[in-house]
Amino acid sequence: MRRMTQPKGTLYLVATPIGNLEDITQRALRVLAEVSLIACEDTRRTGVLLARFQIKTKTASYHEHNEQERAAELCAMLEAGKDIAVVSDAGTPCISDPGFRLVRAAIERGVRVVPVPGAAAFVAALVASGLPTDEFYFGGFLPARTHARRARLTAVKQLSATLVFYEAPHRIAHTLSDAREILGEREAVVARELTKVYEEFARGRLSELAARFSTEQAARGEMVLVIDRKVIEDEAEREAPSSSVAERVAELEGEGLDHRAALKRAARELGLTRDEAYRRLVSERASAEE
Ligand code: SAM
């Protein structure tokens with residue numbers, strides 16, 4: 001007797017908008033409506049998108065905390081012939097978002113994996129940044145811890161590629177000032193709120209952007225950081241007063257500013273946050289005393 005083999009289902013990786021719902025593709029809508037299940041990072045968030053397009057497909061949660069066990073369940077469904085779409089909260093699944101484990105598991109089981117391309121914040125930021133697009137390095141999120149973040153920046157310092165990172169608003173000022181210190185002065189762009197009402201491309205040197213984003217007001221919304229491959233070596237750079245916080249603070253105190261105001265001004269001029277400037281001041285004074 002010949003045994004009938006059940007055809008396996010397909011795993012679709014469906015990109016969704018990063019802000020503007022008009023960025024959903026026709027194909028994404030068709031696939032989302034046709035599959036048996038949509039695995040979402042956040043079912044409520046995806047629910048809003050589905051309701052907007054009157055899509056009634058069942059959803060299940062699939063996020064970084066249940067990725068491993070959920071991947072096994074979803075693979076069992078795929079092997080039983082069901083088609084499944086994976087979406088993340090925004091943009092392309094697997095890009096700084098869950099999906100990778102499921103893709104691996106599906107490939108290992110011989111399940112067909114089909115991308116349904118669309119929005120990805122790093123591509124939108126890069127193409128409108130005005131920085132070279134011929135060669136680029138996408139580093140996802142830099143580590144949150146200072147030491148690890150600085151080590152990662154050091155590791156990419158010599159690359160002859162435009163550097164692209166995702167960053168959280170509360171860390172952007174620190175990252176910009178670390179980047180200035182480790183990569184040297186470079187042109188950069190902070191692409192904020194892409195495709196949304198307050199979309200903005202803040203362009204400038206790393207030190208200028210660090211100063212600009214050091215206020216809470218400026219550092220808001222979702223953002224992508226794009227950094228040029230070249231270090232700026234010009235007159236302004238060579239004539240910069242001093243990169244030592246202690247020296248600059250002493251100079252400013254000599255000009256009559258009190259300590260607090262001098263530190264604040266030095267931090268701004270050097271493209272550092274106030275905390276960072278203070279830490280550097282303490283460490284420079286400690287090394288001077290050794
Ligand atoms: N999978 C998404 C993609 O394809 O771009 C990225 C998800 S990741 C968890 C979220 C980060 O992407 C945000 O912190 C921000 O750095 C970036 N991002 C997402 N949407 C954005 C937008 N509309 N404008 C600027 N950056 C955005």
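This is a predicted model: local features need pLDDT of at least 70, side-chain atom pairs count only at pLDDT 80 or more; totals for chains, interfaces and linings use all residues.
**Domains**

The domain assignment divides the protein chain into domain 1 (10-119), domain 2 (122-233) and domain 3 (237-289). Between the C-alpha centres of domain 1 and domain 2 there is a distance of 29 Å, and the two are in contact through 6 residues of domain 1 and 9 residues of domain 2.

**Ligand surroundings**

There are 19 residues around the ligand, and those that come nearest are Ile 95, Asp 97, Ala 121, Tyr 166 and Met 223.

**Helix α2**

Helix α2 spans residues 43-52, and its buried residues are Thr 46, Leu 49 and Leu 50. These residues cover an arc of only 95° around the axis, which is why they are on the same side of α2. The buried residues of α2 pack against α1 (26-34), β2 (37-40), β3 (58-61) and β4 (84-87), whereas the face turned away from the buried side carries the exposed residues Arg 44, Val 48 and Ala 51.

Both ends of this helix have a feature that can be located in the model. At the start of α2, a side-chain oxygen of Asp 42 reaches to within 2.9 Å of the backbone nitrogen of Arg 44, and after the helix comes Gln 54, whose phi is positive, near 50°.

**Helix α6**

In helix α6, which comprises residues 146-156, Arg 149, Leu 153 and Val 156 are buried. Seen down the helix axis, the buried residues of α6 fall within an arc of 65°, and therefore they line one face of the helix. That set of buried residues packs against β6 (136-141), β7 (162-167) and α7 (172-183), while His 147 and Ala 155, on the other side of α6, are exposed.

**Two individual residues**

Glu 185 is placed in the loop between α7 and β8 (187-192). Is this residue, Glu 185, buried or exposed? With a relative accessible area of 5%, Glu 185 is buried, since the cut-off for a buried residue is under 20%. A polar atom of the Glu 185 side chain lies 3.3 Å from the backbone nitrogen of Leu 206.

Arg 285, by contrast, belongs to helix α12 (residues 274-289), and its relative accessible area of 39% makes it partly exposed. Arg 285 and Arg 186 are separated by 99 residues in sequence and, from C-alpha to C-alpha, by 28 Å in space.

Note on methods
Residues are numbered from 1 along each chain as its sequence is written. Side-chain values use heavy atoms; hydrogens and water are left out. Buried means under 20% relative accessible area, exposed over 50%, partly exposed in between (1.4 Å probe, protein chains only). Helices (H or I, at least four residues) and strands (E, at least two) are DSSP runs, numbered from the N terminus. The arc is that of the directions from the helix axis to the C-beta atoms. Contact means heavy atoms within 4.5 Å. A residue is near a molecule or strand if one of its heavy atoms lies within 4 Å of it. Domain bounds come from an automatic or database domain assignment. A polar contact is a pair of N or O atoms within 3.5 Å; within protein, one must be able to donate a hydrogen and the other to accept it, and residues adjacent in sequence count only if both atoms are side-chain atoms.
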